[in-house]
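I opened the notebook to go through this structure one item at a time. The entries follow the order in which I looked things up.

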Amino acid sequence: MGRTARCPSCGAPVEFKSVASVLAVCDYCRSTLLRKDEDLQNLGRMAELLEDRSPVQRGAEGAWRGRHFGVVGRIQLRYDQGLWNEWHLLFDDGRSGWLSEAGGEYVISEPVWQPGTFPAFDALAVGDRQVIGGRTYAVTNRLTAECVAGEGELPFRVGAGYPAPVADLRDEAGGFATLDYSDDPARPLVFVGESVDFAGLAWANLRQGIPIAEPNVEARAFACPSCAAPLSASHDNIVTIACASCGAVVDAAEAGKVLARVSQERKATPVIPLGSKGRLRDEPVEVIGFMRRHMEADGTKYFWNEYVLLGKENRLLWLTEYQGHWNIARVLPRSVLAVVGSVKYDKQEFKHFAGYRAQVDYVIGEFPWRVDVTETVQVNDYVAPPRMLSRENSETEETWTLAEYADPEEIRAAFGLKVAMRKPLGVYANQPNPHEDTHRKVCRRFWSFLLAALLIHAALLVGGSGRALLKQPVVFDPNDDEPRLSREFLLDGANGRIEVQHEAILENNWLGLGLTLVNKDTGEAWQAAREISYYAGWDEDGHWSEGSTSDSVVFSGLPAGHYMLAEDGDMDPASRPVSATLQVSRVGPRWSSLAVLVLFLVVFPFYTRVRRAGFEVTRWADSDHPIVTSSGDGDDDDD
Amino acid sequence: MARAYLLIGLFALSLFAWGQYRGVGLFDDHASSQSSRLTPGQRSTFHK
């Protein structure tokens, strides 16, 4: 149950809605009031909050996991990279929670009692794994923030300048945990929750629609402390401004402070001018910053450009461009489990492409974090075209970014650019393989054709005209010149085709056959000369053989009628009699024709596969894992 | 490419179906398609 007291400083009512709240900031005189039993102790005046255009405010209400909550307080913190808010939530069941708001990303967490011990803050490193509540989290962020100010009810004592050593942990399912070492650097408070979709929290009484105080124009528009060029911060959550005139990197909060300076020799002109507004994949965006970065390999520097975009609900997006190849990227609100050579995300495997150290070369514009032009970060790229996961590691932070390849024309159209976009050069890491689609279609068609061919062949084998007309033994004797006459057989249908087959018992012997096929009805005769020979033996290389004991010949264009076959045997006079089996049949579907068709049809998918593989070889040539197989086809085997 | 393959494949499949129906094999050995008339002597041989 809530309790209302009087501010000992100004007498205004101060409400404690949560029994867990021990501190409140008077809304009228900003006195920091510590609850001690029934009394309020005035700890002094709380510093002013910095305007950050957050859509949340005290008094807002929402629901998370089916539980209604109200926003009762806030702590605003500052760290190297900017500001973030921790909104104190009071659930209807009386429990406290926190809504963390940083860079347009929102996380809700609740305090949990966690048995066991955690490493001390100093012993904790980015990438360390910790098990909390049976789930494995990775440390993605380790920093010491500083409290800027607070408002409303808070469950612990804070004040401007209070240090807050915290470590953020994430798991693969979007789970989030915080180890807060503010009270004790050896024993952290543990908070567990998840990344949340802001719009999905069923908000009421948000700050949206409520007039936001205009920022102090003088404070947001000022002269560059280095060259006096006019600078401005178009958004209140801008932390760093980089001067395009002289290269000074200026702290937006302290307009006179130059944090660093970038060499004008490295000056680069963004294709998309700063301040450009557009609509990228159905999201309104504005270009607020531009930076040029590089990596070095074998003594050569490779440069690429990054555009910082402010999207919906202050969410940040990146556009990256390298040699005409564009990517749209977002920071992932979760960790990704990396195994040797690959990572899995969204049930998709991403293969490791390259690892390198990246450094900022040139910056202009506004950045919602503190730009450090001297820092280098370790980057590892994993690709599953058209997507790419990038893992950036610094000493204090691990960030996963998901990028998707974009056509230059899409970028041009999104911002209504009048200039022609640079034509992409070479093959980029996550560039979609242009031959992939063709290969898939051709493979699909190949399987369809093969199935159809098999069905045709099977149907004709079963129901076609091919059948045996005659089968009989026949013996050829070198001492008997009389032709062997077969039994009579009937051939029906016009334009018939028959196959005459002999299977002879030959061993190092030959048999010449003069065949005369006679239509007894018309007296027409068709002739063919055949020779069957088979020789085999052993030599120093082992067994050898040549020839065959079987033979077949086709008679075509035969009219219907009664037929007989006369066979004249020609043999070595010294040979023993040769036995053979004569078979006459109507010709049916040929296996050889099926084989030829399949060989012909398979040429096309083979060609498209080679073409696709060639593209992949080019792609991976620039990676840490170039394809070196002689076939040049080291990719998947999806077909 | 995929469309050309569709057309070429359909043509090849049609040719295959016709050939299989007719029993035409690409590797068949063929007897002479020219017929001749039996002599009276030969006729008597086949009309025993």
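How many bridges pair β10(A) with strand β15 (residues 189-196) of chain A, and in which sense? I found seven bridges, in the antiparallel sense. I note here that the model is predicted.

**Entry: strands around β10(A).** I followed A:Val107 in β10 (residues 105-112) through its partners. In β15(A), A:Val107 has A:Ser195 as its bridge partner. A:Val107 is also the bridge partner of A:Ser100. The second pairing belongs to strand β9 (residues 96-102), which joins β10(A) over five bridges, again antiparallel.

**Entry: chain A as a whole.** I counted four helices and 41 strands in chain A. Of its 639 residues, 34% count as buried. I also looked at contacts in chain A with a separation of 6 or more, and 60% of them come from residues 24 or more positions apart.

**Entry: chain B as a whole.** Chain B has 48 residues, of which 19% count as buried. I found two helices and one strand in chain B, and from the N terminus on they run α-β-α.

**Entry: helix α4(A).** I looked up α4(A), which has 31 residues. From first C-alpha to last, α4(A) reaches 44 Å, close to the 45 Å expected at 1.5 Å a residue. Its buried residues include A:Leu597, A:Leu601, A:Phe604, A:Thr608 and A:Trp620. I then asked what the buried residues of α4(A) pack against. They pack against α3 (436-463) of chain A together with α1 of chain B.

I wrote down one reminder about helices. Residues three or four places apart point the same way, because an α-helix has 3.6 residues a turn.

**Entry: α4(A) against α1(B).** The axes of α4 (residues 591-621) of chain A and α1 (residues 2-22) of chain B come within 10 Å and cross at roughly 180°. The two helices are therefore roughly antiparallel to each other. On the α4(A) side I listed A:Ser593, A:Leu597, A:Phe600, A:Leu601 and A:Phe604. On the α1(B) side the contact residues are B:Tyr5, B:Gly9, B:Ala12, B:Phe16, B:Gly19 and B:Gln20. By class, this contact has seven nonpolar, four polar and no charged residues.

**Entry: the contact between the chains.** I widened the search to the contact of chain A with chain B, which takes 40 residues from chain A and 30 residues from chain B. Which elements of chain B give two or more residues to the side that touches chain A? I found α1, β1 (36-37) and α2 (40-46). α1(B) gives the most, with twelve residues. The side of chain B that touches chain A has 14 nonpolar, eleven polar and five charged residues.

Entry: Strand β37 (residues 524-539) of chain A is joined to β1(B) by two bridges, and the strands run antiparallel. I noted that A:Glu524 stands opposite B:Arg37.

**Entry: backbone details in loops of chain A.** The peptide bond from A:Pro385 to A:Pro386 is cis, with omega near 5°. A:Pro386 sits in the loop between β29 (376-384) and β30 (387-393).

A:Gln323 is not a glycine but has a positive phi of about 50°. I placed A:Gln323 in the loop between β24 (316-322) and β25 (325-331). A:Gln323 counts as partly exposed, with 13 C-beta neighbours inside 10 Å.

A:Asn508, also not a glycine, has a positive phi of about 50°. A:Asn508 is in the loop between β35 (496-504) and β36 (509-519). Buried or exposed? I found A:Asn508 exposed, with 12 other C-beta atoms within 10 Å.

Definitions and conventions:
Residues are numbered from 1 along each chain as its sequence is written. Chains are lettered from A and ligands numbered from 1 in the order in which they are written. This is a predicted model: local features need pLDDT of at least 70, side-chain atom pairs count only at pLDDT 80 or more; totals for chains, interfaces and linings use all residues. A residue is buried if 20 or more other C-beta atoms lie within 10 Å of its own, exposed if 12 or fewer, and partly exposed in between; C-beta atoms are placed from the backbone. Axes are lines fitted to C-alpha atoms, for helices over the stretch in contact, and angles run from 0 to 180 degrees between N-to-C directions. Angles under 35 degrees count as roughly parallel, over 145 as roughly antiparallel, 65 to 115 as roughly perpendicular and the rest as oblique. Two residues are in contact if their C-beta atoms, placed from the backbone, lie within 7 Å. Ala, Val, Leu, Ile, Met, Phe, Trp, Tyr, Cys and Pro count as nonpolar, Asp, Glu, Lys and Arg as charged, and the others, Gly among them, as polar. Two strands pair if DSSP finds at least two bridges between them. The expected span of a helix is 1.5 Å times one less than its number of residues.
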